[in-house]
Amino acid sequence: MRSQILPFSYLPPKSPPPAKQTMFKPLIYDPSVKPLLSRASSFNGSLVATANDGGSLTAWFHNKRRRSSSDNNCLSAFPDHANGTDGGGDSGQQTIAQEVTHAAAETFLLTRLCLKLLSYLGVGYRWITRFLALGCYAFLLMPGFVQVGYYYFFSPHVRRSIVYGDQPRNRLDLYLPRNSDGPRPVVAFVTGGAWIIGYKAWGSLLGQQLSERDIIVACIDYRNFPQGSISDMVKDASCGISYICNHIAEYGGDPNRIYLMGQSAGAHIAACTLVDQVVKESGEGDSVSWSSSQINAYFGLSGGYNLLSLVDHFHSRGLYRSIFLSIMEGEESLSQFSPELVVQNPNLKHIVARLPPIILFHGTADYSIPSDASKTFAETLQRLGGKAEVILYEGKTHTDLFLQDPMRGGTDEMFEDIVSVVLGDDPEVIGKRVDRRRLVPEFMLKLAHWVSPF
């Protein structure tokens, strides 16, 4: 059950949108407007934190834009004949033999990177206990992982490892609905993983769920640390979004109904990518391969958007300051990769009006990234005139919303909230809910909730 009473005001209702107009057209603070979701709670306060280095931040963005001309390469797919993919159509589907070869190569790469990562972390009591807890957690959810893995590898509706760029890990998976009557809406999803262990297959459960409701899901892979730093991750995500915007029609997707979503670290990366794209579009002389206007809404699940306020929290949770600063390219870059601070820069405040509606989901019992991270980001956007709101889920942890609840079967509240936005203008789905089958026994889910290291 989600929290119903929050220390911020609710928003009044709005009338149904006119024909050929998106449901998010009016500004969120207009007296005639209701929240984006009827049960959502929105935040209309003032934010204490501000960006203290506005001038240097603006200069950094100008320098970054001058270096962004190479991003135009993201417009088209990049062939990968060695792996049997060309980034488009059915030829992008690999054979099982090619999948095994590619998996073996990535396993070797990930092993080497993990060994390098351990040299950063060291092996202490805290990490040993967390690894043991992670092993127990994975064991308890294994029945669900096996079923989702079988769907991932053998379903004819999954297109794996489509090449979208020329860098390592520039691949994405597509989850296609069985119903192919007419163009379908699309959710571009950036997976989480603490910027270290993210992988496109982590989105399999979400992809399966949404494709069952005739929504195409594209799970974007990206370089993790130490293979790449945060700027590489943002560049990869932008390249993947560009491919989706320009090629999704080839797979039956509707290029006019694209939604961006991220979970945990993926929510941060996706938000950075979106804000960076708007900054590029607001400058002069920059050419871009996709537009923020193509994104109908942004869904952030359990994300963090102000790194300056989270660095000490991450350190206490085991993501030590030294490695976190290495991921984020130094302490001086924390504000530059904090969307909540970027939008407050006096020289960049105008970009808020160009952002799509922002909908943030968070559990109140999330210890990995506190729910206040989403609340303050939404509050900041609304104070600056943006369209944003938060939906809190009472007692839910960092992984409950993304893993345990979907594996529980039945009706998934967060899933239905997403569907109500993506398909809300379709009268056939209003009030319709799908009860999914259970993947893991309840007692194992409760034990997983208790031992979860996240």
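Strands here, like helices, are DSSP runs numbered from the N terminus (E, at least two residues, for strands; H or I, at least four residues, for helices), and two strands pair if DSSP finds at least two bridges between them. The model is a predicted one, in which local features need pLDDT of at least 70 and side-chain atom pairs count only at pLDDT 80 or more, while totals for chains, interfaces and linings use all residues. Residues are numbered from 1 along each chain as its sequence is written, and side-chain values use heavy atoms, with hydrogens and water left out.

Strand 3 and strand 5 run in the parallel sense over six bridges. On strand 5 (residues 253-263) there is also a parallel pairing with strand 6 (residues 295-301), over five bridges. Within this second pairing, Leu 260 stands opposite Tyr 298, and Met 261 has Phe 299 as its bridge partner in strand 6. Eight of the 11 residues of strand 5 are buried (under 20% relative accessible area, with a 1.4 Å probe and protein chains only), so strand 5 is largely enclosed by the rest of the structure.

These pairings belong to an open sheet of eight strands, ordered 1-2-4-3-5-6-7-8 and mixed in its pairing. Strand 1 (158-163) and strand 8 (388-393) are the edge strands, each pairing on one side only. On average, neighbouring strands of the sheet are turned by 20 degrees against each other, direction ignored. Helix 7 (residues 265-282) packs on this sheet and touches strand 3 (184-190), strand 5, strand 6 and strand 7 (358-363), where contact means heavy atoms within 4.5 Å. The direction of helix 7 makes about 130 degrees with that of strand 5; axes are lines fitted to C-alpha atoms, for helices over the stretch in contact, and angles run from 0 to 180 degrees between N-to-C directions. Helix 11 (residues 372-383) packs on the sheet as well, touching strand 7 and strand 8, and its direction makes about 160 degrees with that of strand 8.

Helix 7 has a helical partner too: helix 6 (residues 230-247) packs with helix 7 at an angle of about 75 degrees, with their axes 9 Å apart. The two helices are therefore roughly perpendicular to each other (65 to 115 degrees). On the helix 6 side, Ile 230, Met 233, Val 234, Ala 237, Ser 238 and Ile 241 meet His 268, Ile 269, Cys 272, Thr 273 and Gln 277 in helix 7. By class, this contact has seven nonpolar, four polar and no charged residues; Ala, Val, Leu, Ile, Met, Phe, Trp, Tyr, Cys and Pro count as nonpolar, Asp, Glu, Lys and Arg as charged, and the others, Gly among them, as polar.

The chain as a whole has 14 helices and eight strands, and buried residues make up 57% of its 454 residues. Leaving aside neighbours within four places in sequence, Phe 324 is in contact with Trp 195, Leu 307, Val 311, Phe 314, Leu 319 and Leu 334. Leu 205 sits in helix 5 (residues 204-211), which is mostly covered, with eight of its eight residues buried.

Some backbone details in the loops deserve a mention too. Most residues other than glycine have a negative phi, and most peptide bonds are trans. Trp 195, in the loop between strand 3 and helix 5, has a positive phi of about 65 degrees although it is not a glycine, and it is buried, with a relative accessible area of 4%. Asp 214, in the loop between helix 5 and strand 4, likewise has a positive phi of about 65 degrees without being a glycine. Pro 226 lies in the loop between strand 4 (216-220) and helix 6, and the peptide bond from Phe 225 to Pro 226 is cis, with omega near 10 degrees.

Conventions. Angles under 35 degrees count as roughly parallel, over 145 as roughly antiparallel, 65 to 115 as roughly perpendicular and the rest as oblique. Buried means under 20% relative accessible area, exposed over 50%, partly exposed in between (1.4 Å probe, protein chains only).
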